[in-house]
Amino acid sequence: MPELPEVETTKNGIAPLIESQKITTINIRNAQLRWPVDIKLCKKLIGLSVLSVTRRGKYLICDCGFLSFIIHLGMSGTLSVVPVGTAYKKHDHVEIIFENNRCLRLNDPRRFGCFIVTELPFQHKLLTKLGVEPLSRFFYANYLFELAQKRQVNIKQFIMNSEIVVGVGNIYANEALFLSGLHPLTPCNQLDKKQCLDLIRNIKSVLRAAIKQGGTTLKDFTNAEGKPGYFQQTLNVYGRKDLPCVECGTLLREIRVNGRSTVFCECCQQLANAN
DNA sequence: ATTGGAACCTGGTGGC
DNA sequence: TGCCACCAGGTTCCAA
């Protein structure tokens, strides 16, 4: 579930339902996530109110005053807000009950997500090394160009590196490279400034479009389940191996780049030959 | 310092 | 049906 657009959508969905609500109970049903949930520390949240919910990369930060909690959804995590007493689902890990008899539940089958209680979330080790937000003005051509000059990795791995820019996951990396006409294996230090500018524009536009769709598709996710349709959004390459390129009709190829499935058009995304 | 690969997990799918 | 291998939206950690 969790590409940046979905984390953003999740944030927008839960924020109005839990902001300014006082926490009355916390149930840790299964502490096993990427790092074990610190149950003792969690209990200190009781009595505090959620002041704000913000996003940094794919992390959600719920500020409760002198304590905050950080949530990451990993590969399979979802958050929902449901009435107290709603039947639990398999893999419900954390439940936070609020004064208004609603509760926030973190469900995560693969347990790659995390739930961390901390005093200063933005100084937490997980957040301090993060690169710029892709939709901010700090993500611009010269920024990308100068960092790319210093590296040897392929462009796909480069834009998926959260120390460079946060929130570009496998799906949107594939999509942005297609829109930019860049072969995924192009060494990042081969890009010129214009290509960097183009790539940045495409990353921004693909993320913005996805947020728009995520907003539509996942609008009702806080109710009960709700979510189908996300995959129906217009993806040009991801998940389209052996299907015709929307631009030229060539059958799309799939390769593995640093272990991640990578689909591209050999015709539209050619690898520049450095003699 | 940079880079590639393994590791962390469960669930779904497709082949035999 | 059953069993098994393989794949999946992410990130950390370790070794070279």
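In which helix is Ser-180 found? Ser-180 belongs to helix 6, residues 170–180; helices here are DSSP runs of H or I with at least four residues, strands are runs of E with at least two, and both are numbered from the N terminus. This is a predicted model, in which local features need pLDDT of at least 70 and side-chain atom pairs count only at pLDDT 80 or more, while totals for chains, interfaces and linings use all residues. Residues are numbered from 1 along each chain as its sequence is written, chains are lettered from A and ligands numbered from 1 in the order in which they are written, and side-chain values use heavy atoms, with hydrogens and water left out.

Ser-180 counts as buried because its relative accessibility is 13% (buried is under 20%, exposed over 50%, partly exposed in between, with a 1.4 Å probe and protein chains only). Apart from neighbours within four places in sequence, Ser-180 is in contact with Asp-198, Leu-199 and Asn-202, contact meaning heavy atoms within 4.5 Å. With Asn-202 there is also a polar contact between the two side chains, at 2.8 Å (a pair of N or O atoms within 3.5 Å; within protein, one must be able to donate a hydrogen and the other to accept it, and residues adjacent in sequence count only if both atoms are side-chain atoms).

Of the 23 residues around DNA strand C, Arg-34, Lys-58, His-72, Tyr-238 and Arg-256 come nearest. Sugar and phosphate make up 53% of the atoms of DNA strand C that come within 4 Å of the protein.

On DNA strand B, the surrounding residues include Arg-34, His-91, Gln-152 and Gln-157. His-91 places a polar side-chain atom 2.5 Å from a phosphate oxygen, whereas Gln-152 uses a backbone N or O atom, at 2.6 Å.

Technical notes: A residue is near a molecule or strand if one of its heavy atoms lies within 4 Å of it.
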